[in-house]
Amino acid sequence: EVQLVESGGGLVQPGGSLKVSCAASGFTFSSYPMSWIRQAPGKGLEWVSSITIGGKITASAAPVKDRFFISRDDNRNTLYLQMSDLRPEDTAVYYCTTGYGGGVLSNSRGQGTQVTVSS
């Protein structure tokens with residue numbers, strides 16, 4: 001059974017940084033591309049960033065490009081999202097999921113971790 005457990009969210013001021021994590025189990029993590037998606041209050045799911053098997057190639061959505069960086073540690077079965085220059089519009093619940101690109105929105109995901117950007 002695929003299990004994804006996100007953590008590391010919190011309240012941060014605009015311009016601040018935060019790193020969220022996703023612990024994976026129940027499948028061979030290293031054999032899957034992985035992604036982060038988010039859901040802002042009152043809005044639908046939005047693809048954020050993806051990383052390939054092995055981690056050599058990444059892609060990010062335009063609103064977060066050059067501010068958010070996805071990475072993975074296959075030894076720890078963990079996915080990361082380093083977020084910097086956070087803005088109020090980044091406020092959302094952040095989820096990790098399997099797969100690569102914008103078509104991952106319907107894939108299984110964890111319970112999410114809340115990121116709130118506010119002064």
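Analyst: A residue is called buried under 20% relative accessible area, exposed over 50%, and partly exposed in between. The model is a predicted one, and the values discussed here are computed from it.

User: What makes Phe27 count as buried?

Analyst: The relative accessibility of Phe27 is 14%; the limit for burial is under 20%, and therefore Phe27 counts as buried.

User: How many aromatic pairs are there, and why is the pair of Phe27 and Tyr32 given its particular name?

Analyst: Ring centres must lie within 6.5 Å to pair, and by this rule there are three aromatic pairs. For Phe27 and Tyr32 the centres are 5.3 Å apart and the planes stand at 90 degrees, so the pair is edge-to-face, a name that applies to angles over 60 degrees. Ring pairs also join Phe27, Phe29 and Tyr32 into a cluster.

User: How do you know that Lys19 lies over the face of Tyr80, and which ring does the charged end of Arg109 sit over?

Analyst: The distance limit is 6 Å from the ring centre, and the charge must also be within 35 degrees of the ring normal. Lys19 lies over the face of Tyr80 at 4.5 Å from the ring centre, while the charged end of Arg109 sits over the ring of Tyr95, 5.0 Å from its centre.

User: What makes Arg38 and Asp90 a salt bridge?

Analyst: Side chains of opposite charge can pair when their charged atoms come close. The closest N and O atoms of Arg38 and Asp90 are 3.0 Å apart, and the criterion asks for a distance within 4 Å; the pair is one of six salt bridges in the structure. It links distant parts of the chain, with Arg38 in strand 4 (residues 34-39) and Asp90 in the loop between strand 8 (78-83) and strand 9 (92-98), 52 residues apart. Both Arg38 and Asp90 are buried.

User: Which parts does the salt bridge of Arg67 and Asp90 tie together?

Analyst: Arg67 and Asp90 form a salt bridge whose closest N and O atoms are 2.8 Å apart. Arg67 lies in the loop between strand 6 (58-60) and strand 7 (68-73), and Asp90 in the loop between strand 8 and strand 9, so the pair ties together parts that are 23 residues apart in sequence. Arg67 and Asp90 are both buried, and a network of salt bridges links Arg38, Glu46, Arg67 and Asp90.

User: Are Asp74 and Arg72 buried or partly exposed?

Analyst: Asp74 and Arg72 form a salt bridge with closest N and O atoms 2.8 Å apart. Asp74, with a relative accessible area of 28%, is partly exposed, whereas Arg72, at 14%, is buried.

User: Why is strand 9 described as largely enclosed?

Analyst: Seven of the seven residues of strand 9 are buried, so the strand is largely enclosed by the rest of the structure. Both faces are covered, with Ala92, Tyr94, Cys96 and Thr98 on one side and Val93, Tyr95 and Thr97 on the other. Strand 9 runs antiparallel to strand 4, with six bridges joining them, and Ile37 stands opposite Tyr95. Strand 9 also runs antiparallel to strand 10 (residues 113-117), through three bridges, with Val93 opposite Gln114.

Terms used: Residues numbered from 1 in each chain as written. Predicted model: local features only at pLDDT ≥ 70, side-chain atom pairs only at ≥ 80, totals over all residues. Heavy atoms only, no water. Phe/Tyr/Trp six-rings, centres within 6.5 Å; stacked < 30°, edge-to-face > 60°. Buried < 20%, exposed > 50% of the residue type's maximum accessible area, 1.4 Å probe, protein only. Salt bridge = Lys/Arg side-chain N within 4 Å of Asp/Glu carboxyl O. Helix = DSSP H or I, 4+ residues; strand = E, 2+ residues; numbered from the N terminus. Pairing = 2+ DSSP bridges.
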